[in-house]
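Here are my notes for you to read with the model open on your screen. Take them one point at a time and try to find each spot yourself.

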Amino acid sequence: MTGPSIINGRCLCGAVTVQAHAPKPILRACHCDMCRQHTSGMFISIATEQEGMVIDGPAVSFQSSEWAERGFCGTCGSTLWYGTKHDGARHLAAGLFEQAAGARLKLEFFSDMCPQGYGLKGDHRRLNTRETLEMFEGSEGDET
Ligand SMILES: [Zn+2]
């Protein structure tokens, strides 16, 4: 698969490689407690299409809640994706791609849970806990 909107990434050790179609590669940051515990910071995903996504190598999945699973490299532990169980969607970690594929930050989830000192600059949209939950109740976690 090649083309202008194909992005290729890899984990820290290089054992896992990922490829996806990203016609609108925007970034979304999540400040929920689970994302912070898993990554030490925030989970920043990059919007890609689900169709045609290729993940190769020793990827491991951990079920982190009733509705979600989190993928990581079985060798180096790099965060790979946040997955939703109801539709099997995988939201890839932006950090796998060089310079986050040049994408810009569009949205923060659970902005009121962001620790002091973790704040992100910019005039992108920030959704607090209530607004974040409303978004996912309405769409069952579909792409925004
Ligand atoms: Zn690795």
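1. Let's start with the layout: in what order do the elements of the protein chain run from the N terminus on? The order is β-β-β-α-β-β-β-β-β-β-β-β-α. That makes two helices and eleven strands. Keep in mind that this is a predicted model.

2. Next, the overall shape. The C-alpha atoms fill a box of roughly 40 × 30 × 30 Å along the principal axes. A compact globule of 144 residues would have a radius of gyration near 15 Å, and the protein chain has 15 Å, so the two agree. Of the 144 residues, 31% count as buried. Among contacts with a separation of 6 or more, 52% link residues 24 or more positions apart.

3. Now find strand β2. It pairs with β1 (residues 6-10) in the antiparallel sense, over five bridges.

4. Along β2, Val18 and Ala20 point to one face and are buried.

5. On to the inside. The largest nonpolar core has 28 residues, and Cys30, Leu80, Leu92, Ala93 and Leu96 have the most contacts inside it. The elements giving two or more residues to this core are β2 (17-21), β3 (27-30), β4 (43-46), β7 (68-73) and β8 (79-84). Take Leu96 as an example: beyond its neighbours within four places in sequence, Leu96 is in contact with Gly9, Arg10, Cys11, Val18 and Leu80.

6. Last stop: Ala89, in strand β9 (residues 89-92). Is Ala89 buried, exposed or partly exposed? It has 15 other C-beta atoms within 10 Å. Buried would take 20 or more and exposed 12 or fewer, so Ala89 is partly exposed. Setting aside neighbours within four places in sequence, Ala89 is in contact with Gln50, Gly83 and Thr84. Glu69 is 20 residues from Ala89 in sequence, and their C-alpha atoms are 10.0 Å apart.

Key:
Residues are numbered from 1 along each chain as its sequence is written. This is a predicted model: local features need pLDDT of at least 70, side-chain atom pairs count only at pLDDT 80 or more; totals for chains, interfaces and linings use all residues. Helices (H or I, at least four residues) and strands (E, at least two) are DSSP runs, numbered from the N terminus. Two residues are in contact if their C-beta atoms, placed from the backbone, lie within 7 Å. A nonpolar core is a set of buried Ala, Val, Leu, Ile, Met, Phe, Trp, Tyr and Cys residues joined through C-beta atoms within 7 Å. Two strands pair if DSSP finds at least two bridges between them. The radius of gyration is taken over C-alpha atoms; the globule rule is 2.2 Å times the number of residues to the power 0.38.
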